[in-house]
Amino acid sequence: MSSQPQERRNRLEARQAHIAKQKARITWVVIGFVVLLGAGLLFLLLSPHVNKTKQSAVIPETTSTVDPLQQDTSTTQTAQPDPAPKPENKWDSYYKAANEARYQAYASENPETPYELVVAFVNAGVDQMYINTEPTKNQSDISVLANKHYYLDESYVPSDLVDVGGGAKLRKEAAAKYLEMKDAMGMKIVADSTYRSYAEQKYAYNKCKNEFGLAVADREFARPGFSEHQTGLAVDILQAHFDPQGKAHFENTKQYAWLTEHAYEYGFIQRYRDGFNDITGYITEPWHWRYIGVEAATKMKTEGIATYEEYYGKYGETGL
Ligand SMILES: [Zn+2]
């Protein structure tokens with residue numbers, strides 16, 4: 001009978017061992033569950049990143065294998081985000097297809113010039129000074145462009161010229177603004193040269209050409225029809241009618257400093273600025289101011305536009 005308790009003990013031990021095994025198994029299951037839960041949470045946290053990388057990896061694959069003609073339908077089917085809109089060129093609004101060959105020629109001759117300016121300059125005829133010249137399109141407008149490409153009719157005389165002192169004449173609107181500006185400045189200036197007729201310009205130009213030759217005449221005077229003074233919107237401003245130091249000395253005066261800061265408020269711009277001689281076609285003229293209206297002059301100031309050629313090439317024909 002001694003074997004009976006022994007047997008029972010054995011059975012008990014076996015059972016205990018079994019229970020211990022079960023416990024261990026349960027523990028492993030719990031550990032496994034916890035680990036899986038952790039992994040699941042981690043996956044959820046990282047999933048936006050995972051999706052993104054998946055997407056970007058997929059796009060080039062599909063677009064590269066799909067026929068370009070079918071590309072649109074394939075992208076809508078796979079619900080890809082809309083492609084970014086085509087960036088607009090700055091010059092789109094003033095680009096003229098008829099000028100394309102000239103843009104290309106000017107751009108290759110001036111590789112440093114941004115294309116935006118190439119388009120504007122060519123529109124203003126900067127590439128063809130005294131070559132293939134054209135009549136200006138708006139000679140009686142305040143916004144008229146008269147330069148070495150666009151000319152005024154021989155017969156053009158502004159209809160509203162008024163005296164600004166000493167027989168000097170400007171168009172009515174420009175004259176009023178000139179006098180207003182002069183008052184605001186509070187310093188002595190004179191309108192040394194204002195409206196000049198075609199005939200007067202022709203006389204002065206030819207006289208110079210006969211005495212000093214074509215190159216000097218072209219440097220000192222506009223050819224008849226090409227002068228801004230014929231528009232009645234340009235005024236040569238000096239301290240006095242005769243400066244023994246020469247007209248260029250005006251650049252060193254307080255009057256000039258004031259004008260560079262305030263003239264735009266009255267619609268005037270310095271037309272031929274230093275550093276832009278290749279664009280305007282003229283030597284630097286601190287004395288020559290052109291009325292273009294307060295709105296346009298302010299726009300030039302705020303946009304940092306230095307020449308009327310650039311302004312006109314961009315906005316002249318399209319309006320402000
Ligand atoms: Zn002038």
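This is a predicted model: local features need pLDDT of at least 70, side-chain atom pairs count only at pLDDT 80 or more; totals for chains, interfaces and linings use all residues.

**Helices, then the sheet**

A: Start with α3 and α4, which pack at an angle of about 125° with their axes 9 Å apart. That makes α3 oblique to α4, since angles under 35 degrees count as roughly parallel, over 145 as roughly antiparallel, 65 to 115 as roughly perpendicular and the rest as oblique. The axes are lines fitted to C-alpha atoms, for helices over the stretch in contact, and angles run from 0 to 180 degrees between N-to-C directions.

Q: Which residues make the contact between α3 and α4?
A: Arg102, Tyr103, Tyr106 and Ala107 come from α3, and Tyr115, Val118, Val119, Phe121 and Val122 from α4. Contact here has a cut-off: C-beta atoms, placed from the backbone, within 7 Å. By class that contact has eight nonpolar, no polar and one charged residues. (Ala, Val, Leu, Ile, Met, Phe, Trp, Tyr, Cys and Pro count as nonpolar, Asp, Glu, Lys and Arg as charged, and the others, Gly among them, as polar.)

Q: OK. What's the secondary structure of the chain?
A: Eleven helices and eight strands. Those are DSSP runs numbered from the N terminus, with helices being H or I of at least four residues and strands E of at least two.

Q: Back to α4: how many of its residues are buried?
A: Seven of its nine, so α4 is mostly covered, with buried meaning 20 or more other C-beta atoms within 10 Å of a residue's own, exposed 12 or fewer, and partly exposed in between, C-beta atoms being placed from the backbone. The buried ones are Leu117, Val118, Val119, Ala120, Phe121, Val122 and Asn123. In the chain, buried residues make up 28% of the 320 residues.

Q: And what covers the buried residues of α4?
A: The cover includes α3 (100-109), α9 (277-280) and α11.

Q: How do α4 and α11 pack?
A: At an angle of about 95°, with axes 7 Å apart; α4 is residues 115-123 and α11 is 308-316. They are therefore roughly perpendicular to each other. Leu117, Val119, Ala120, Phe121 and Asn123 in α4 meet Glu309, Glu310, Gly313 and Lys314 in α11. The residues of this contact divide into four nonpolar, two polar and three charged.

Q: What comes after α4?
A: Gly125 follows α4, and its phi is positive, near 80°.

Q: Switching topic: what's the strand order in the open sheet?
A: The four strands go β5-β6-β8-β7, with antiparallel pairing. β5 (190-193) and β7 (268-272) stand at the edges with a single partner strand each, so one side of each has no neighbour in the sheet. Neighbouring strands are turned by 50° against each other on average, direction ignored. Two strands pair if DSSP finds at least two bridges between them.

Q: How many bridges are there between β6 and β8?
A: Three: β6 (residues 234-238) and β8 (residues 285-291) pair in the antiparallel sense. Val235 stands opposite Trp289, and Asp236 has His288 as its bridge partner.

Q: What about β7 and β8?
A: Four bridges join them, also antiparallel. Ile269 stands opposite Arg290 in β8.

Q: Is β8 mostly covered or exposed?
A: Mostly covered, with six of its seven residues buried.

Conventions:
Residues are numbered from 1 along each chain as its sequence is written. Two residues are in contact if their C-beta atoms, placed from the backbone, lie within 7 Å.
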